[in-house]
Amino acid sequence: MNQPLPPKELICECGNRFMSQQRSNWCRACGKQLFYDLKDQKKSRSNQIYFISIIVIVTGLLAYFFIEMILTPLLSIW
């Protein structure tokens with residue numbers, strides 16, 4: 001089991017302050033995610049970029065195959 005981190009005061013952009021012993025928390029005032037350490041924040045950001053790029057690539061491939069396999073033969077009949 002993970003050991004709790006030493007208490008640290010986190011300050012959100014909205015001005016809300018609270019004590020945290022977890023790697024990440026959500027601000028109760030504005031709902032933004034706050035991180036205990038800058039390294040965890042950078043890791044979360046890179047994971048978001050990776051996830052969004054995978055979604056864009058899959059959507060592009062589905063659109064390409066739809067156009068090539070369904071739309072092009074259907075339009076060439078007319």
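I began with the surface: the protein chain has about 7000 Å² of accessible area, and carbon and sulfur atoms hold 63% of that. I note here that the model is a predicted one.

Next I looked up the overall dimensions. Along the principal axes, the C-alpha atoms occupy a box of roughly 70 × 30 × 20 Å. I then checked the radius of gyration, which is 22 Å for the protein chain, whereas a compact globule of 78 residues would come near 12 Å.

Of the 78 residues, 15% are buried. I took the contacts with a separation of 6 or more and found that 10% of them are between residues 24 or more positions apart.

**Secondary structure**

In sequence order I read them as β-β-β-β-α.

**Asn 25**

Asn 25 lies in strand β3, which covers residues 24-26. Is Asn 25 buried or exposed? I put Asn 25 down as buried, because its relative accessibility is 15% and the cut-off for buried is under 20%.

I then looked for its partners. Leaving out residues up to four places away in sequence, I find Asn 25 touching Phe 18, Ser 20, Lys 32, Gln 33 and Leu 34. For Ser 20 I also noted a polar contact of 2.6 Å, side chain to side chain with Asn 25.

**Asp 40**

I turned to the helix. Asp 40 belongs to helix α1, which runs over residues 38-77. I asked which residues Asp 40 is in contact with, leaving aside neighbours within four places in sequence. The entries are Arg 23 and Phe 35.

The relative accessible area of Asp 40 is 16%, under the 20% limit, so I count Asp 40 as buried.

Last, I took a distance from Asp 40 to Leu 62. The two are 22 residues apart in sequence, and I get 33 Å between their C-alpha atoms.

**Recap**

I keep two buried residues on the page: Asn 25 at 15% relative accessibility, and Asp 40 at 16% relative accessible area. Asn 25 is in strand β3, and Asp 40 is in helix α1.

Note on methods: Residues numbered from 1 in each chain as written. Predicted model: local features only at pLDDT ≥ 70, side-chain atom pairs only at ≥ 80, totals over all residues. Heavy atoms only, no water. Helix = DSSP H or I, 4+ residues; strand = E, 2+ residues; numbered from the N terminus. Buried < 20%, exposed > 50% of the residue type's maximum accessible area, 1.4 Å probe, protein only. Contact = heavy atoms within 4.5 Å. Rg over C-alpha atoms; globule rule 2.2 N^0.38 Å. Areas by Shrake-Rupley, 256 points an atom, 1.4 Å probe, with all protein chains shown as cover. Polar contact = N/O pair within 3.5 Å; in protein donor to acceptor, adjacent residues only side chain to side chain.
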